[in-house]
Amino acid sequence: MSSVSAPAQAAPSPAASLQRGIVKMVLSGCAIIVRGQPRGGPPPERQINLSNIRAGAMARRAAQGQPDTKDTPDEPWAFQAREYLRKKLIGKEVCFTVEIKTALGREYGIVYLGRDTTGENIADSLVNEGLATVRREGIRGNNPDQARLCDLEDQSKASKKGMWSEGGGTHTIRDLKYTIENPRNYIDSLHQKPINAIIEHVRDGSVVRALLLPDYYLVTVMLSGVKCPTFKREADGTESTEAFAAEAKFFTESRLLQRDVQIILESCPNQIILGSILHPNGNITELLLKEGFARCVDWSMAVYTQGAEKLRAGERSAKERKVRIWKDYVAPTANLDLKDRQFVAKVMQVMNADAMMVKLNSGELKTIHLSSIRPPRIEGEEKNKDKDKRFRPLYDIPYMFEAREFLRKKLIGKKVNVTVDYIRAATGPGESTPAFSERTCATVTIGGINIAEALISKGLATIIRYRQDDDQRSAHYDELLSAEARAIKNGKGLHSKKEVPIHRVADISGEAQKAKQFLPFLQRAGRSEAVVEYVFSGSRLKLYMPKETCLITFLLAGIECPRSSRNMPGGVQVAEPFSDEAMLFTKELVLQREVEVEVESMDKAGNFIGWLHIESLNLSIALVENALSKVHFTAERSNYYKTLVSAEDACREKKEKIWANYEEKPVEEVVYVTEEKERAANYRAVYVTEICDTLHFYSQDVETGAQLENLMETMRAEIAAQPPVEGSYAPRRGDICLATFADGEWYRARVEKVESPSRVHVFYIDYGNREVVSSTRLAAMPPAFGTRTLPAQATEHAFAYIQVPQDEDIRADVVDCIVRDIQNSQCLMNVEYSGATCPHVTIQFGDTKDDVGLNLVKEGLVMVDVRKEKHLQKIVTEYLNSQESAKSARLNIWRYGDFRADDAVEFGYRR
C-alpha cells in the first residue's frame, strides 16, 4: 500500500495541534496506523499518511473471486521503505500534526519519533535514506519543511542512496508467494526448527498471517493447542463478535503485529497450518491462556511442541482467577471439601477396567471411576453374535480380562492417591444407552504412576472424546492423549492388528456332574493356585483356577460361619448375626487376591470343600480367631483341628462377637442328666405330588392347599386376560417363571438349566416334578404371584429308617410300589431326623394309618437303615423285627437268604 502527498485542492487544517499515539502498524513507506492507550477495551486508531513524500507501493494479492484481476508485485524499494519504518516505529510512541484532511477523511501530516517535535522527523529520514521521493508539484517556496525535504532529496541523489543507486532497484522486489504447493511436505522438511517471520496481520487472538523469511511465503498460521473468541460472518453478511474477541485480538496485535518473531510450524491437518510463535518476551500461546483470552483445544494440543502441560497450567490459572472468558466458570469439584477432593484409600476390589472399590480411612467404601477413559467394549455384530450363549463381559469382551488383571495385580490391597476430577451426574436410560448412577471420576496414582495413563499406554482402554466446552475431564487429559497415541503407534492391545485373545473359561460352579469329574485332579494337585473372584459369604467363595481355566464354588472346610441372607425357594432366608461382618472380613482379606487352595471333597451341589491359604494364613483359622466362625465337627480329621479348637476356646472365653451371649453349661448337667429324649410323633396331613427315582418325594401341606388353588385360579385368569407374547421371555438359570405343562395350564416353575432356547430344564416348585421345555412355553412371573406372595409348596423328603437300593431294577420295583400306594393321595407325615439335603420322614396311609416304609420292609423290598440315636431305638427295633420276618419268609430281596455278609454290593446294597 502507498500514499501520496496532499492534493492541491485539499484545504489545510486551520490549527495543526500536536497529537500523540503508539504506532500499531506500518502500511507502507509513507503510511502508518497510530493507536491510543487502551481504556476498558481496544483503543481507537487512525491512519496517518506522511505529507509531501511518496514511497513505493507494496505488493497486493488479486481480489478473490475476480478472475480478471492479477497479483500486483512490489514497486522497487517499497518493501525496504516499509521495513525501515517498521523497525524504527512499531510499538514506539510518536507525536504528529495533521496538516490536511481530505473530503474522504484521509489525513496527511508530519510524524516525529518521541513525545514532541524535537524528535526525529520520519519523512526527513526516509528521503535522506533514498527510500522516498518528494512531491515537488505544488510546493510553496515559503514553506521551510518542503524546502528541507527538497535539499535532503538532492543530497541523497548525490550520494546515490537507496532508489538513487545504480541498477534500477529490480533486486529489491520480493518474490512473494501466497500459497505453498505442498504444505505438509514443506512443514516436514523444517523438522520443527524455528524459522524467522514477520506477523503481517492478526485475524483474531489465535490466527495470524505471517511472512516466512527468507522464502517470502505469506501464510495463515493457527496457534497450536488453543482457540480464542472469534469474529463470525453470518449468512446475511453481518459480522457477529464473540465475547472478548476484540480484546483477545488486541492482546495479540499489541505484542506480535509486525514484530520479528520465530515460528515453529508443527502440523498441517486439512491444509490448516498449526504452529507456535516464539517472541523474545515470551510465548503468546501461553500468555493468551493465562490471561483468560483463550481455551485449550484437544485436537491440536497433541502437536504442540513446547509442553502441553504449560498450556493446561495457564488455562487452570485463568479458571482459578475467573478472568475474562472464565468469569462465570464453576470448577467441577467446587462443591467438594479438600478432604473429599484428595485422599488416600485402600483398593478393595477392581470392579471393571475403569472402576474400583476403595476403602477410606474412615472405613467407608467408595466406588471410584478412572477419569476420561473407556474400558474395552463390544459393539455391532459381535454384540449380537451367539445370543444363546450366556454373555460374560469379563471373558467375552476382548482385552477386558487383561485390563482387569492389570489393575488387579497392580492395585489390590494397595494404598493409592485419589484426586477427584469431576462428579458425573446420574443419567436416565436412552434409546441405546443404559442408565448410570452418579459417578465419582478421579485420577488414581500409586508410586507416582497414573493408573489410567498406564492402562491406556498398554492399549487396554481408550480415551473419551469431549465437546470443547465440556470441562469434566481428567486433569491429566493431555498425558492420556499422548499415551493413546503411543499405544496406537506401537499397536498395543486394542490397537493391535493381531488376533484378539480368547478366554475359554468353564464355569463348573453348581454343575455337580462336571465337578465330580474334576475333583480327583484337584485332590491330587495338593495346593493349587487360584484367584478369589467373588465372596458370597464368610465361608463361600467363587474361585478362578488359572491353570485349569475354570471357575468353581469353594466352601471353607472345618468351620461353621454365620449364614448370609439368601433367596430360597420358600422365601428369603434371614441373615444370621455377624454374617455381614464375616463376609466383610473375608472380602478384605482375600477378594481378588492370589491364594492357594487344598481341595478335600465336594458336596452334592457340586461345591468344592477345602482349605484356603493366603500368604501362609489359613482363612478358616483366621475367621475362628476373629470370633466370626465356629469349629465344625468335620475339622476333627484335619491337621488344623488343634489350632482351630485353641482359637475357638480363646474367643469363647473372651465372649467376643458370635460368643457374646455364650453361657457355659454347668458340669453337673453334663454328668448327671440321664433323661433320654423321646421320639416326637407329630403327624400332619400332606398330599404326595411327586416320587423320584432316588426314593425322595415331594409333598404339599394340606393346610395351605386352598391358598395354592386360589392363587392358581387368579393367576390363570389374569394370564387369559393378558396372554404373554410367545418367545418374549429369555430364561436364565435360577429364575422363577411361569411354564405351561402338558395339560395346557400355567404353573409356577424354576429354571434349573438352559441348554438352548428349545431345551430349558424347569422344576415345578408347587408339585416337585421336572420337565425339559421350549422357551416359548415360558413366561415372566408377575410379581403378584411370586414366592413372596406364596412360598413354593412342594417340599422334598426322604424315607426314614430304610436304605435306598443301589441296583436299578430293585429300586425301580420299590418306586413302582410307592407310586401305586401313595402318589397323588393324602397321607400323614412325621419328621424323624435331618438328612444331608432334606428331612427324613415316616409316612402313614391316610385311612389305615399303616407305616409305608415299614410295609416295604415287611414285604422284603428294602433293608433297614439302622440309626444309633437312643430316642429312636424303639421304632428301629420294630423295623428290624419286620426285616427278620421278611428274611425268614424269603421275600423278594431275601429269596436267596441273607446275602449281607459279603455280597451286599453285588446285590445293590452297601452296609
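Predicted model: local features only at pLDDT ≥ 70, side-chain atom pairs only at ≥ 80, totals over all residues.

Entry one. I found the backbone oxygen of Y767 at 2.6 Å from a polar atom of the T689 side chain. I then asked where T689 is placed, and found T689 in strand 38, which covers residues 684–691. Is T689 buried or exposed? I noted a relative accessibility of 9%, so T689 counts as buried. I listed the contacts of T689, leaving aside neighbours within four places in sequence: Y698, S699, Q700, Y767, Q823 and N824.

Entry two. I searched the whole structure for aromatic pairs and got 20. I looked up Y186 and Y217, an edge-to-face pair with 5.2 Å centre to centre and 65 degrees between the planes. Y186 belongs to helix 4 (residues 183–190) and Y217 to strand 11 (residues 217–223), so this pair ties together parts that are 31 residues apart in sequence. I checked accessibility next: Y186 is buried at 14%, and Y217 is buried at 16%.

I went on to F741 and Y747, which also form an edge-to-face pair, at 6.1 Å centre to centre and 90 degrees between the planes. F741 has 29% relative accessibility and counts as partly exposed, whereas Y747 counts as buried at 13%. I noted that ring pairs link F741 and Y747 with Y764 and Y767 into a cluster.

I looked for charged ends over rings. The charged end of K249 sits over the ring of F231, 5.6 Å from the ring centre. I recorded R524 as well, with its charged end over the ring of F521 at 5.2 Å from the centre.

I turned to helix 20, residues 705–721. At 1.5 Å a residue, its 17 residues should span 24 Å, and I found the end C-alpha atoms 25 Å apart, which agrees. Which residues of helix 20 are buried? I wrote down L708, L711, M712, M715 and I719. Seen down the axis of helix 20, these buried residues fall within an arc of 100 degrees, so they line one face. I recalled that an α-helix has 3.6 residues a turn, so residues three or four places apart point the same way. On the face of helix 20 turned away from the buried side I found the exposed residues E709, E713, A720 and A721. Last, I looked up what the buried residues of helix 20 pack against: strand 39 (696–701), strand 40 (736–740) and strand 41 (746–756).

Key. Residues numbered from 1 in each chain as written. Heavy atoms only, no water. Helix = DSSP H or I, 4+ residues; strand = E, 2+ residues; numbered from the N terminus. Buried < 20%, exposed > 50% of the residue type's maximum accessible area, 1.4 Å probe, protein only. Polar contact = N/O pair within 3.5 Å; in protein donor to acceptor, adjacent residues only side chain to side chain. Contact = heavy atoms within 4.5 Å. Phe/Tyr/Trp six-rings, centres within 6.5 Å; stacked < 30°, edge-to-face > 60°. Lys NZ or Arg CZ within 6 Å of the ring centre and 35° of its normal. Expected span 1.5 Å × (residues − 1). Arc of directions from axis to C-beta.
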